Structures are given as structure tokens and as C-alpha cells.
Amino acid sequence: MPGTAPTTLSILTGALRKLGVLGAADSAPGGEDTEFALIEYNSLLGQFNVRSRKCYFERFLSFTFSVARTSYTIGHTDNTPTPNFALTTAQGDRPVRIDRAQIVLTDQTPNAFINIPVYNWPEYTNLALPGQTGEWPIAIYYVPETPNGIIYPYYASPSQTSYQIRLWWWNQLLTVAIADVSTALSLPAGLERALTLRLAEALWLSFPKRTDIEELKRQTRIAMSDFESLNDPPKEISSTDGIQSAPGDGAFDYRSRSWI
């Protein structure tokens, strides 16, 4: 039977126990310690969100244009102002960057998907007419403003408003309000421990020194390394001689650098 799902409060409590601030008999920190630790926790999530190895999967979602605009905002549905492309709590926060994009032709059966580039700043500024309009975008440019990011389509103001745009980005952990610290979190294997130890390390300077900081750092390194291994890139094979055309149906042996 699975154990109880972690909460933000259980992570804060675990971190303060690692520091010796709380004992085994203490069920939870006091109000002031909870608020202080939560500030550090939310700051830590922001640090995690800017590193792809700490964002444990690539999220993708499709959004309907609905209205022809020169730009579209994306962010959490509770943000002010409300974004054009709204994300639920389960979907996290606005992307720190967009890795890939497609246009979904919803008037096709089945739907057709067209890959479009995500321009960087120099590419977008080189457009002679960035405000040129069209049926649907052939590229986008993204600015990760807060609280909502801004997507600039090119062509702008797409007239095919029933079409969708599908976006890929690193999953973004959502910061937590004090009223929600007891809400259950859905975390992958390893992340709860990594967050708890990393938070304890971050809080070490602010509390009485009752913990071996070097041992804490050692355990944090192991936990972070294990968690980040989820995003280890695939191994690449390189050859100083290059790979020539296969003779017949042969296979290339990268160890001997020859066809077999």
C-alpha cells in the first residue's frame, strides 16, 4: 500500500528536522518557522525551474488561438491579469523557455501538425515586418516575463482562430502559498528527498548550528545526483575517422571503427 503523499509542510518539517531545529516528537514547525522556511522553499523552486536537469519531464499542451492577437500570454490561471493560455495548478507555472512548437490544423481529420521554429531574439529582430498578419503563424518568439510569459506569433494576429498551437517546455514547479502548505504534492521518485535536503542546506545559515554541514552537503549531492539522473542525456558516439557508407547491409562497430 503506498505511503502518504508528501506536502509542502512535510518537506519543511523534514528540512528543519535535518537541521536539528525540530525533534522526533515535534509534529510540525511553529508559524514563524513555517513562514520563513516557506519563503526559502519557494525561492528554491525558482532555482530548480531554470535548470533543465531539475525539471524532470518535458510538458506539452495545445492551446486554441480563439482570438486574433499580435501576442498571447501564458501562465497560471490565477495570475493577474489572467493569461490567454491558462495553466492549471497541475500543469505548473509559465514556461521558462519554449523548446518546440507546432501548429495544429483542427479543420483536418485527423488533425495535421506542422512544426514551426521558436525564434531567438536576433532572429526575431531581423524580421522586416514582425507585425505582418496571416492565416496562422510560421514561427513564434517567446519572452518569459512574469507572472505571464508572452508569445509573439509570426505571422501576427492569426485569422484561423480555431487552429491551435502546441508547445513543449520544461515542467515548472509551482510556488506554494502559506494557506496551501498541507495540500498533497505529486512528486516523482527522489524529488521529495532532494528538495528536503537541499532546503535544509539552504536554511543552515539561519538556524542554530546543530548539524554536520559537510555530511548534509554529502547527502544532498547524492540525492540531487540521483534525481538529476532522470534527465541524463543519451550517450553520443563520436569517431575521428567518421562513418562511411555501409557496404551492403553491414553494421558499424563503433569499438573497432569498422563495418562488420
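**Figure 1. The buried residues of α2 pack against α1, β9 (164-170), α4 and α5.** This is a predicted model, in which local features need pLDDT of at least 70, side-chain atom pairs count only at pLDDT 80 or more, and totals for chains, interfaces and linings use all residues. Residues are numbered from 1 along each chain as its sequence is written, and side-chain values use heavy atoms, with hydrogens and water left out. Helices (H or I, at least four residues) and strands (E, at least two) are DSSP runs, numbered from the N terminus. Buried means under 20% relative accessible area, exposed over 50%, and partly exposed in between (1.4 Å probe, protein chains only). Which residues of α2 are buried? They are T34, A37, L38, Y41, N42, L44, L45, F48 and N49. Seen down the helix axis, the buried residues of α2 fall within an arc of 160°, so they line one face. That arc is taken from the directions from the helix axis to the C-beta atoms. An α-helix has 3.6 residues a turn, so residues three or four places apart point the same way. Look also at the face of α2 turned away from the buried side: E32 and I39 are exposed there.

Figure 2. The expected span of a helix is 1.5 Å times one less than its number of residues. Now compare α4. This helix has 13 residues and reaches 18 Å from first C-alpha to last, close to the 18 Å expected.

Figure 3. Find the buried residues of α4: L191, A194, L195, T196, L197, L199, A200 and L203. The loop between α4 (191-203) and α5 (213-228) holds T211. What does the side chain of T211 reach? It comes to 3.0 Å from the backbone oxygen of L19. This is a polar contact: a pair of N or O atoms within 3.5 Å, where, within protein, one must be able to donate a hydrogen and the other to accept it, and residues adjacent in sequence count only if both atoms are side-chain atoms. Contact in general means heavy atoms within 4.5 Å. Setting aside residues up to four places away in sequence, T211 touches K18, L19, G20, W204 and L216.

**Figure 4. Strand β4 pairs with β5 and with β9.** Two strands pair if DSSP finds at least two bridges between them. Strands of a sheet pair through backbone hydrogen bonds, either parallel or antiparallel. Strands β4 (residues 100-105) and β5 (residues 112-116) run antiparallel, joined by 5 bridges. They form a hairpin, with 6 residues between the two strands. Two bridge partners to find: I103 with I114, and A101 with I116. Strand β4 also runs antiparallel to β9, again with 5 bridges. Here Q102 stands opposite R166. Is β4 enclosed or open? It is largely enclosed by the rest of the structure, because 5 of its 6 residues are buried.

**Figure 5. An open sheet has 5 strands.** The order is β3-β2-β8-β7-β6, and the pairing is mixed. The edge strands are β3 (85-87) and β6 (118-119), each pairing on one side only. Strand β2 (residues 72-76) pairs with β8 (residues 149-154) in the antiparallel sense, over 3 bridges. Y72 stands opposite I151 in β8.

**Figure 6. T82 sits in the loop between β2 and β3.** Is T82 buried or exposed? With a relative accessible area of 54%, T82 is exposed. Leaving out neighbours within four places in sequence, T82 contacts T73, T77 and N148. P147 is 65 residues from T82 along the chain, yet their C-alpha atoms are separated by 9.7 Å.

**Figure 7. The whole chain has 5 helices and 11 strands.** Of its 260 residues, 35% count as buried. Among contacts between residues at least 6 apart in sequence, 66% join residues at least 24 apart.
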